[in-house]
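Good morning, everyone, and thank you for making time for this short talk.

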Amino acid sequence: MVLTGGGDCPGLNAVIRGIVKRASQEKDWEVVGCIESFNGVLREPTEIEILDEKRVEGLQIQGGTIIGTTNKGGPFAWPVKQSDGTWTTVDRSDEMLRKLQYLGIDAVINIGGDGSQRISLGLYNKGLNIVGVPKTIDNDLSMTDYTFGFQTAVQICTDAIDKLVTTAASHNRVFIMEVMGRDAGWIALHSAIAGGADICLIPEIPYDIEKVKAKIEQRYNKRRGYCIIVVAEGAMPKGGTVTGTETGEVGYQHVKLGGVGEQLAADLKAAGVEHDIRCTILGHLQRGGTPIAFDRVLATEFGVRAMEFVLEGRFGQMVAYHHPDIVGVSLEEAVRTPHFIDPNERLVHTAKGVGIEMGD
Ligand code: F6P
């Protein structure tokens, strides 16, 4: 059984296709997809779908996931409405494991980010035959060089910067582009370098508004000039906090980030920046559409190897890219430490080397 969990990501379908195509080369294996992560098996009636070669034909180019995904619910935190109208969560993992046994599921491949792989680990510790596949546009898993979907998101952001440059230059404007990146600024940092941005603000380096202002002024000769700022949604000013709202959505366990770009624009105005400032929020555009070739290849490699891990009985592991190989790491290791940007790391040095202000 294969499932996709957490936020969607370009390349999910390519992984599913890799799994199904590799499985079809074996006798006695049939792949089913569980709809919306584990929720499909937790629901009554059960929502699972047979995935055969016909169903996955051409899927390597298709964004999203044909079996749906969710970042709500799951076996360890199933939302239940109480008599007073408020919601609580219950652990349904044992019940789910019994149901998987009843359904004759021999193994599970869970394609997801850190939250999903924590669920994989919890279920593995309870005896489930499970293999993880790392997914996230944020690239914040430490045990793989890259997650699939990340390079596609970076390409989308880079294309957006290329477009913003021409309008910014035409109007002598400061453009703030807000990108995804809850705790990790990888998308912001890569796209800022690729797009030639002037300022890059990331969650790992709280920014000094005066440094941002000084860089903007450096980019102008009196009123002529322009400036491109890339800001990750999880970035914050020194001594400040992230910008976001509670969604109120049942089972959603995060603050919905967003708005740091507009907040930065207001703070820069308050700090005395007189140039026009405009803000563009890329949001979920970064997760949509077709994966670029790199992500299709990586996702396909992950899918094929994940199925082979099942055949080899390598459960409790996550497939990972350690250039040039696809290896296995234990799920425990996979979720132990997130992959954040170290302010002293090479890529930050490179960014500063081409004059990008990081706000520190
Ligand atoms: O985890 C990936 C991510 O893209 C984060 O950067 C972002 O905060 C989050 O998903 C938003 O996802 P959703 O709107 O689906 O909850």
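Predicted model: local features only at pLDDT ≥ 70, side-chain atom pairs only at ≥ 80, totals over all residues.

Let me begin with the overall division of the chain. The domain assignment gives domain 1, made of residues 2–148 together with 291–336, and domain 2, which covers 152–288. The C-alpha centres of these two domains lie 32 Å apart, and the contact takes 18 residues from domain 1 and 18 residues from domain 2.

Now to helix H1, which runs over residues 12–23 and has 12 residues. From its first C-alpha to its last, H1 reaches 17 Å, which is close to the 16 Å expected at 1.5 Å a residue. How many of the residues of H1 are buried? The count is 11 of the 12, and so H1 is largely enclosed by the rest of the structure. Among the buried ones you will find Leu12, Val15, Ile16 and Ile19, and also Asn13, Arg17 and Arg22. As for what surrounds them, the buried residues of H1 pack against strands S1 (2–4), S2 (31–34), S3 (48–51), S6 (108–112) and S7 (130–134), and against helix H9 (293–312).

Next, a pair of helices. Two packed helices are described by the angle between their axes and the distance between the axes. For helix H6, residues 186–195, and helix H11, the axes come within 10 Å and cross at roughly 35°, and the crossing is left-handed. On the H6 side the contact is made by Trp186, Leu189, His190 and Ile193, while H11 contributes Leu347, Val348, Thr350 and Ala351. Sorted by class, this contact has six nonpolar residues, two polar ones and no charged ones.

Staying with H11, which spans residues 346–353, we also find His349 there. Is His349 buried or exposed? With a relative accessible area of 61%, which is over the 50% cut-off, His349 is exposed. The C-alpha atoms of His349 and Pro79, 270 residues apart along the chain, are separated by 45 Å.

Finally, please look at Thr136, which lies in the loop between S7 and helix H5 (150–171). Thr136 counts as buried because its relative accessibility is 8%, where the limit is under 20%. Leaving aside residues up to four places away in sequence, Thr136 touches Cys9, Leu141, Thr147, Phe148 and Phe150.

Definitions and conventions. Residues numbered from 1 in each chain as written. Heavy atoms only, no water. Helix = DSSP H or I, 4+ residues; strand = E, 2+ residues; numbered from the N terminus. Expected span 1.5 Å × (residues − 1). Buried < 20%, exposed > 50% of the residue type's maximum accessible area, 1.4 Å probe, protein only. Contact = heavy atoms within 4.5 Å. Axes fitted to C-alpha atoms, helices over the stretch in contact; angles between N-to-C directions. Left-handed = near helix turned anticlockwise from the far one by under 90°. Nonpolar A, V, L, I, M, F, W, Y, C, P; charged D, E, K, R; others polar. Domains from an automatic or database assignment.
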